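We will go from stop to stop, selecting as we go.

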Amino acid sequence: MEEKESKKKNRAGSIPGPTNPMVTPLLTDLYQFTMAYAYWKAGKHQERAVFDLYFRKNPFGGEYTVFAGLEECVRFVANYKLSNQEVDFIKKNLSVSCEDAFLDYLRGIDCSDVEVYAIPEGSVVFPKVPLLRVEGPVAVVQLLETPFVNLINFASLVSTNAARHRFVAGKSKTLLEFGLRRAQGPDGAVGASKYSYIGGFDATSNVAAGMLFGIPLRGTHSHAFVSSYMNVDEIKDKSLRRKDGSSTCKDFVSLVQSWLKKIEKSNSLRGNFAETNKSELAALISYALAFPDNFLALVDTYDVMRSGIPNFCAVALALSDLGYKAIGIRLDSGDLAYLSCEVRKLFCSIEKEFELPGFGKMIITASNDLNEETLDALNKQGHEIDAYGIGTYLVTCYAQAALGVVFKLVEINNKPRIKLSESFSKVTIPCKKRIYRLYGKEGYALVDIMTGENEPPPKEGERILCRHPFQESKRAYVVPQKVEELLRCYCAGNSDKKEGTLPPLKDIRERCIKQLEQMRSDHMRRLNPTPYKVSVSGKLYEFIHFLWLNEAPVGELR
């Protein structure tokens with residue numbers, strides 16, 4: 001008992017609690033506590049149970065999912081403890097016949113005898129394959145069901161959504177998560193920032209997420225900043241020190257205005273504008289004075305080509321005179337493909353005319369309710385956009401509301417259990433299992449295979465029969481060139497298993513990117529992707545159908 005207490009204290013001390021303080025033992029459905037009481041009342045609460053957590057169908061019409069949310073589950077288990085106040089609340093909401101001894105039992109639960117095995121976070125995963133296997137006293141593990149499903153459902157959905165946006169945008173583009181204001185509440189916003197980063201986004205506008213998780217931050221200014229200025233007279237301090245510190249330009253405003261006159265007469269902009277919006281010019285000058293090293297301006301407040309771009313170029317050229325290099329522009333409306341091409345041409349013309357190396361390569365960022373379809377359409381039209389700011393469709397997972405994660409009992413007291421249904425997708429795969437990913441000679445993943453826990457593992461170069469769990473005719477021999485076992489121990493409970501460490505967020509993101517690169521392109525494509533094969537071993541197939549026949553009631557005709 002002392003060893004158990006010591007182990008629990010060490011785990012809780014080394015692993016912090018869930019990021020969201022609302023994730024407590026009460027973040028569950030009432031029926032988990034009613035079942036726990038019924039188990040306890042029947043004397044079944046200590047029976048050793050095994051549950052699988054998985055999903056039935058890939059989201060967004062695709063054929064892959066990115067697994068996320070594991071770290072928060074491990075944090076939750078490592079720090080699980082019901083307070084007296086929480087137990088008193090449970091007592092009020094259970095049957096009046098609820099015995100005090102059960103409440104004492106609840107107070108003593110600490111999950112120290114719960115084992116959690118999981119596929120590493122950031123992995124590419126598929127339907128029916130257990131993302132988590134949770135072992136422990138049946139009443140305790142049942143109490144973990146709802147929080148685990150909650151923590152993994154949204155996390156995996158957002159990570160997958162982000163990965164799909166990354167696939168369409170391409171590796172070379174910068175993806176910025178701008179969804180804070182449109183997300184479903186503060187916790188939805190912070191979670192979306194974290195899991196978008198795992199899925200392949202490069203930065204977020206969410207300052208809280210940046211602080212919590214170390215995600216790079218990006219952001220410039222809004223239309224309100226531009227329209228808040230009336231004229232350059234509002235700029236009080238017009239001086240700007242040269243980048244090398246050698247001298248100070250006392251009137252940066254005049255320098256910008258002189259450049260504006262030059263480009264009005266230049267070959268690059270001749271005929272594109274007559275007179276720019278002076279309040280916009282004042283705003284851009286003011287922003288450049290505040291951020292001369294990081295000048296990226298929103299240019300569509302009034303008119304992109306007739307005002308925003310000429311004003312931006314004048315400020316950028318003035319900054320160049322003082323040794324600074326402007327970053328680029330953001331487009332938030334209009335025909336993004338056409339405008340980006342026109343802007344790029346103009347930047348290149350100015351680079352050539354005024355002999356300013358790099359001016360033509362300034363970053364063009366686009367925003368304005370972008371989604372997968374928009375990115376795909378932009379690619380087909382042709383564009384010069386370097387970075388995308390994506391918000392609403394990303395963080396709300398507008399195309400699909402939920403992943404549909406489930407948590408099913410597969411074994412109790414070493415006896416495999418199965419749930420039957422008229423729909424194959426809802427039939428569970430019984431018993432404690434091991435899971436392997438088999439790779440082909442080109443390095444791509446070919447198939448995931450589930451085996452019984454005590455079956456010998458697949459071996460490289462040796463042929464193995466992979467069968468569809470339920471359809472007899474679907475089967476194939478596979479000769480893997482590489483075999484990867486997927487489940488790893490993250491909570492060892494009272495076992496002697498070695499616990500895996502929780503990697504930093506950057507490593508999870510890198511794993512996700514690497515895993516996606518190991519998938520065949522036909523599994524990844526947006527339209528009509530090829531389904532990835534999930535299979536069971538021959539022995540497990542036979543056992544599933546043996547148990548199925550034993551458990552299915554036999555009808556009688558008269």
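A residue counts as exposed when its relative accessible area is over 50%, and as buried when that value is under 20%. Keep in mind that this is a predicted model.

**Stop 1: two loop residues**

Select Asn414, which sits in the loop between β14 (405-412) and β15. Is Asn414 buried or exposed? Its relative accessible area is 67%, so Asn414 is exposed. Now look at its backbone: Asn414 has a positive phi of about 65 degrees, although it is not a glycine. Most residues other than glycine have a negative phi.

Next, select Phe60, in the loop between β1 (48-55) and β2 (65-66). Phe60 is not a glycine either, and its phi is positive at about 60 degrees. With 12% relative accessibility, Phe60 counts as buried.

**Stop 2: the antiparallel sheet**

Colour the strands β15, β14, β1, β5, β3 and β21 in that order, and you have an open sheet of six strands with antiparallel pairing. At the edges stand β15 (415-416) and β21 (488-491); each has a single partner strand, so one side of each lacks a neighbour in the sheet. Zoom in on β21 and its antiparallel partner β3 (residues 115-118), to which it is joined by three bridges.

**Stop 3**

Then bring in α6 (residues 138-169): α3 (residues 70-78) packs with α6 at an angle of about 150 degrees, and their axes are 9 Å apart. That angle makes α3 roughly antiparallel to α6. The crossing is right-handed.

Which residues meet here? On the α3 side, show Glu72, Cys73, Phe76 and Val77; on the α6 side, show Leu144, Pro147, Phe148, Leu151 and Ile152. By class, this contact has eight nonpolar residues, one charged and no polar.

**Stop 4: the parallel sheet**

Finally, select β7, β6, β13, β12, β11 and β10, which in this order form an open sheet of six strands with parallel pairing. β7 (203-204) and β10 (296-298) are the edge strands, each pairing on one side only. Within the sheet, find β6 (residues 174-177) and β13 (residues 387-390), which run parallel and are joined by four bridges. Show Leu175 and you will find its bridge partner, Tyr388, in β13.

Notes. Residues numbered from 1 in each chain as written. Predicted model: local features only at pLDDT ≥ 70, side-chain atom pairs only at ≥ 80, totals over all residues. Heavy atoms only, no water. Axes fitted to C-alpha atoms, helices over the stretch in contact; angles between N-to-C directions. Parallel < 35°, antiparallel > 145°, perpendicular 65-115°, else oblique. Left-handed = near helix turned anticlockwise from the far one by under 90°. Contact = heavy atoms within 4.5 Å. Nonpolar A, V, L, I, M, F, W, Y, C, P; charged D, E, K, R; others polar. Pairing = 2+ DSSP bridges. Buried < 20%, exposed > 50% of the residue type's maximum accessible area, 1.4 Å probe, protein only.
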